[in-house]
Amino acid sequence: SSDTKLFRVSKDCKYTSLHVRAMADIRSAKLPSIIVKSKTFEINEIREGSDGNVYLKLKDRPGWVFMYDFDETRSMAPVMSKVLLQEVSGTKQFGHDDLPFDARVVVAYNDPSSGTTLPVEMNDIVVIQEINQQGWCLATGRNDQQGWIPKDYVERMQNVDMTPLLSQNASNGQTNAPRAPTSNAPTADAAEDWTVHKTPEGREYFHNVKTQVTTWDRPACLQQGRSGSSASASTSAFKSPNTGVWQIAYSQGKPYYYNTSTNKTQWTCPPELEGHK
């Protein structure tokens, strides 16, 4: 689907933050951004990944986040009983009978001259503890910091029933075993559309960032790069004497860099790779 939806990290999630992936695949590179438990975020696409997980495409930045936790001991297989994300909606209709409740900040607020207010940012999640007659809410934010914010600056959050989404995923044959990539690789795509990855077992596979096809078979447009120059492929490895091996991949046409020794991902080109840009 491609409608904009609002999500948060589930309150039951054991993680305080989740890494954003470059593609709809848990094994794809981690981008230099995260989603955190203390903020909501918008997504504009939901996609079933080839690894069996469900992925949400972030609206405000590149990357995907995954719906289910995964089992590192079982080839990153999704664990359907551990849902990491929760769809939510917001309403301005709330009162004393709803206290306490989780709220989403819709207007940023900061008054340094006051010693009783709570500085908040857009999309922050706070807990409303009290509402006074002057139209102010006593809120608890990150690190249990507490203070007053205007009532009009927040909306009460409500969980959206995700049964249709999760049931559809289950009915499509999604179990705790990842599905193999499709075996028929298109041959007419450009080399820069493909990225190269490896499973935890070391098996190489290929992903097309334009068509979202994932395959075990090396695309024909990358065959030349196997014996000739590897720079034609979307993911190329270069040995660096100081920082190990860097991999260059693309997200929506923009290159990013991943160091396989340090697990560092960044948008800026490392100095030792300047000649390969």
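Author: Lys59 is partly exposed, with a relative accessible area of 44%. Here buried means under 20% relative accessible area, exposed means over 50%, and partly exposed falls in between (1.4 Å probe, protein chains only). This is a predicted model: local features need pLDDT of at least 70, side-chain atom pairs count only at pLDDT 80 or more, and totals for chains, interfaces and linings use all residues. Residues are numbered from 1 along each chain as its sequence is written, and side-chain values use heavy atoms, without hydrogens or water.

Lys59 forms a salt bridge with Glu42, with the closest N and O atoms 3.8 Å apart. Glu42 sits in strand 4 and Lys59 in the loop between strand 5 and strand 6, so the pair ties together parts that are 17 residues apart in sequence. Glu42 is also partly exposed, at 35% relative accessibility. A salt bridge puts a side-chain nitrogen of Lys or Arg within 4 Å of a carboxyl oxygen of Asp or Glu. Strands (E, at least two residues) and helices (H or I, at least four) are DSSP runs, numbered from the N terminus.

Now the longer reach. Lys39 and Asp124 meet through their side chains in a salt bridge of 2.7 Å, N to O. Lys39 is in the loop between strand 3 and strand 4, and Asp124 in the loop between strand 10 and strand 11 (125-131), so this pair links distant parts of the chain, 85 residues apart. Lys39 and Asp124 are both buried.

Next, Glu87 and Lys5. Their closest N and O atoms are 4.0 Å apart, and they form a salt bridge. Glu87 belongs to strand 9 (residues 85-91) and Lys5 to strand 1, so parts 82 residues apart in sequence are tied together. Glu87 counts as buried, at 14% relative accessibility. Lys5 counts as partly exposed, at 22%. The salt-bridge count comes to twelve.

Arg104 lies in strand 10 (residues 101-105). Its relative accessible area is 10%, so Arg104 is buried. Its side chain makes a polar contact of 2.8 Å with the side chain of Glu155. Another polar contact, 3.3 Å, joins the side chains of Arg104 and Thr40. (A polar contact is a pair of N or O atoms within 3.5 Å; within protein, one must be able to donate a hydrogen and the other to accept it, and residues adjacent in sequence count only if both atoms are side-chain atoms.) Leaving out residues up to four places away in sequence, Arg104 touches Asp124, Asn123, Met122 and Tyr153, among others. Contact means heavy atoms within 4.5 Å.

What about the nonpolar side? A nonpolar core is a set of buried Ala, Val, Leu, Ile, Met, Phe, Trp, Tyr and Cys residues joined through side-chain atoms within 4.5 Å. The largest such core has 28 residues, and Phe7, Ile35, Phe41, Leu56, Val65, Met67 and Leu85 touch the most other members. Strands supplying at least two residues each include strand 1 (5-9) and strand 4 (41-48). Strand 5 gives the largest share, four residues. A second, separate core of 14 residues includes Ala103, Val126, Ile128 and Ile131.

Over the chain, 45% of the 277 residues are buried.
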